[in-house]
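Here are my notes on the model you sent. They are set out as numbered points, from a single residue to the whole chain.

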Amino acid sequence: MSNLNKDQIDIPAKSELLPIIDFFKTISDPTRMRIILTIANGPITVTEIAQKLDLSQSTISHQLRLLKQQRFIVGERSGKQIFYRLVDDHVLQIYFLTKSHIQEKNEHYS
């Protein structure tokens, strides 16, 4: 985007920005981001997430509910278990792009 002509950027209406802001609010919570990264490794149950992150199942369930509402994840039932997976990899792309950006800035300004 550094080569982008700044005259090409249209200022969106507030109604267009709100879903984008909600997206960033959702991933700004460290617990939710850790859950997203855990789920990115493949379908996983609440119990498994809780064990990996050393958090209670109720904490995980609450955060999963929010992630489902924002359509970051889906749950698929297999017998008595529900396995959670990411809907797509967009959130991971944003995560890794942001991580790369921070690393570049840290190296540049060290």
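1. Helices here are DSSP runs of H or I with at least four residues, strands are runs of E with at least two, and both are numbered from the N terminus. On that basis Met-33 belongs to helix H2, which covers residues 30-39. The model is a predicted one.

2. Is Met-33 buried or exposed? Its relative accessibility is 12%, so Met-33 counts as buried, the cut-off for that class being under 20%. Leaving aside residues up to four places away in sequence, Met-33 touches Ile-27 and Tyr-95. Between Met-33 and Ser-78 there are 25 Å in space, C-alpha to C-alpha, and 45 residues in sequence.

3. The protein has five helices and two strands. Their order along the sequence is α-α-α-α-β-β-α. The radius of gyration is 17 Å, whereas the globule rule gives 13 Å for 110 residues; the protein is therefore more spread out than a compact globule. The C-alpha trace spans about 55 × 40 × 20 Å along its principal axes.

4. How much of the protein counts as buried? The figure is 23% of the 110 residues. Among contacts with a separation of 6 or more, 50% come from residues 24 or more positions apart.

5. The aromatic side chains deserve a separate point. The structure holds three aromatic pairs. In one of them, Phe-23 with Phe-24, the ring centres are 5.3 Å apart and the planes stand at 85 degrees, so this pair is edge-to-face; the class requires an angle over 60 degrees. Phe-24 counts as partly exposed because its relative accessibility is 43%.

6. Phe-23 also pairs with Phe-72, and this pair is stacked, at 5.2 Å centre to centre with 20 degrees between the planes. Which parts of the protein does the pair tie together? Phe-23 lies in helix H1 (residues 14-27) and Phe-72 in the loop between helix H4 (57-69) and strand E1 (73-78), so the parts joined are 49 residues apart in sequence. Phe-72 has a relative accessibility of 6% and so counts as buried. Through ring pairs, Phe-23, Phe-24 and Phe-72 are linked into a cluster.

Definitions and conventions: Residues are numbered from 1 along each chain as its sequence is written. This is a predicted model: local features need pLDDT of at least 70, side-chain atom pairs count only at pLDDT 80 or more; totals for chains, interfaces and linings use all residues. Side-chain values use heavy atoms; hydrogens and water are left out. The radius of gyration is taken over C-alpha atoms; the globule rule is 2.2 Å times the number of residues to the power 0.38. Buried means under 20% relative accessible area, exposed over 50%, partly exposed in between (1.4 Å probe, protein chains only). Contact means heavy atoms within 4.5 Å. Rings of Phe, Tyr and Trp (its six-membered ring) pair if their centres lie within 6.5 Å; planes under 30 degrees apart count as stacked, over 60 as edge-to-face and the rest as tilted.
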